[in-house]
Amino acid sequence: MPYARISGTGFYVPPRVVTNDDLVRIGIDTTHEWVVQRTGIEQRRYADEGVGTSDLALPAARDAIARAGLRPSDLDLIVFATLSPEMAFPGSGVLLQQKLGMCDGDDAKLCGAMDIRNQCSGFLYALKVASSAVKAGEARHVLVVGAETHSAAMDLSTQGRTVSMLFGDGAGAVVVSASEEPGGILGTWLGADGRFAEILCQRVWDIRKRPFIPLDEHGVGQVQPSHMWAQMEGRTVFKHAVEKMCLALMQACWATGTDPKDIDLFCFHQANMRINQYVANTLGLPEDKVLHNIQRYGNTTAATIPILLAEAERDGRLKRGMRVAMVAFGSGFTWGSSLVDW
Ligand code: UT7
């Protein structure tokens, strides 16, 4: 059975920086101090109108593929994690495949392309699919992407402040490749609890209704604000996040016989710096091993972990031979952990 290694990483964030003070300037009743104190977020990036999620994913994917020493035509599968795809269907995976130039010409490669809809845990769910395909010998190289365009779908008024201050746009990507060398992705452990599906959700429509979006007298669909914007019971999410993230990390350690002290780097989903500090304190993890970039990007949902990995590789904090733990929790509720020998 081949091993599944992460052979390349990439990331991209759009250039437009939006600070907490910028949110105040557009009329949201908040303060820089409130947002930093509760979340650690200082700024985030917003994509310009006209830019889609697969557009953000494209440079991240190209970067990861090039760093793996590959071309797009070497890929056997694309797994695209996002909660903000360009359209309801098809998913962003096929759009990315086309933008990578894989659909025509001498270099065409009409490999499978799928979307994963698991929100903040989406990258780890996607990693599970990719590493399983590689370990089963069904794929040699799989592109795994986490990308989000949140800025198009946020209530940028005071009413929506609890949610909108948290999120930003961005994309991260890794290539998972078959290898004979032991190590790589040691395992990925997933969990979900559907009793909490509506604690953090964005409805947009109700498929039980006819039509599924109410129409006005001109036949134009009218989406109510409560359906248009993400709804969240923040305190409930926070409480479950710390509990499930601790358990998910311990599950990965038990399954592999790893002492948490032997983990070199912790890449946690970036939802709130306080959540990650709470997890680190509870488990006694040294602060200098826990990566944060939420200050600069906010919560980019499926993109947070691959962006962290790519940045850490570039700034030298993530080196070959290290044991890396990844943990995520989010809407669903869903969660996951993964241990990787880099
Ligand atoms: O990726 C996974 C998904 N999300 C998460 O993991 C988020 C988890 N939850 C959280 O991180 C926290 O619940 C938040 C940071 C979102 C909110 O912090 P909190 O301490 O739970 O605040 P709260 O929602 O209980 O609100 C406390 C007060 C309220 O005012 P009153 O009712 O006490 O007068 C809010 O209206 O803070 C107010 N508030 C704000 N004030 C200034 C809420 N948002 C803001 C804001 N600026 N942006």
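Of the 21 residues around the ligand, those that come nearest are Thr 30, Arg 38, Cys 120, Arg 235 and Asn 272. A residue counts as near if one of its heavy atoms lies within 4 Å of the molecule. The model is predicted: local features need pLDDT of at least 70, side-chain atom pairs count only at pLDDT 80 or more, and totals for chains, interfaces and linings use all residues. Residues are numbered from 1 along each chain as its sequence is written, and side-chain values use heavy atoms, with hydrogens and water left out.

The shell around the ligand divides into ten nonpolar, seven polar and four charged residues. Here Ala, Val, Leu, Ile, Met, Phe, Trp, Tyr, Cys and Pro are nonpolar; Asp, Glu, Lys and Arg are charged; the others, Gly among them, are polar. Domain 1 (3–181) and domain 2 (185–197 + 230–341) each supply at least three residues of this shell. Their bounds come from an automatic or database domain assignment.

Polar contacts are pairs of N or O atoms within 3.5 Å; within protein, one must be able to donate a hydrogen and the other to accept it, and residues adjacent in sequence count only if both atoms are side-chain atoms. The side chain of Arg 235 places an N or O atom 2.7 Å from a ligand oxygen. For the side chain of His 269, the distance to an oxygen atom of the ligand is 3.0 Å. A ligand nitrogen is 3.3 Å from an N or O atom in the side chain of Thr 162. On its own, the ligand has 950 Å² of accessible area, of which the protein covers 73%. Areas follow the Shrake-Rupley method with a 1.4 Å probe; for residues, only the protein chains shown count as cover.

Two or more shell residues come from each of helix H2 (32–39), helix H6 (161–164) and helix H8 (234–256). H8 gives the largest share, four residues. Helices (H or I, at least four residues) and strands (E, at least two) are DSSP runs, numbered from the N terminus.

Backbone geometry was also examined. Most residues other than glycine have a negative phi, and most peptide bonds are trans. The bond from Arg 210 to Pro 211 is cis, with omega near -5°. Pro 211 lies in the loop between strand E9 (200–201) and helix H7 (225–228). Gly 332 and Phe 333 are also joined by a cis peptide bond, with omega about -20°. Phe 333 sits in the loop between strand E12 (323–330) and strand E13 (334–341). Gln 119 has a positive phi, near 50°. The loop between strand E5 (112–116) and helix H5 (122–135) holds Gln 119.
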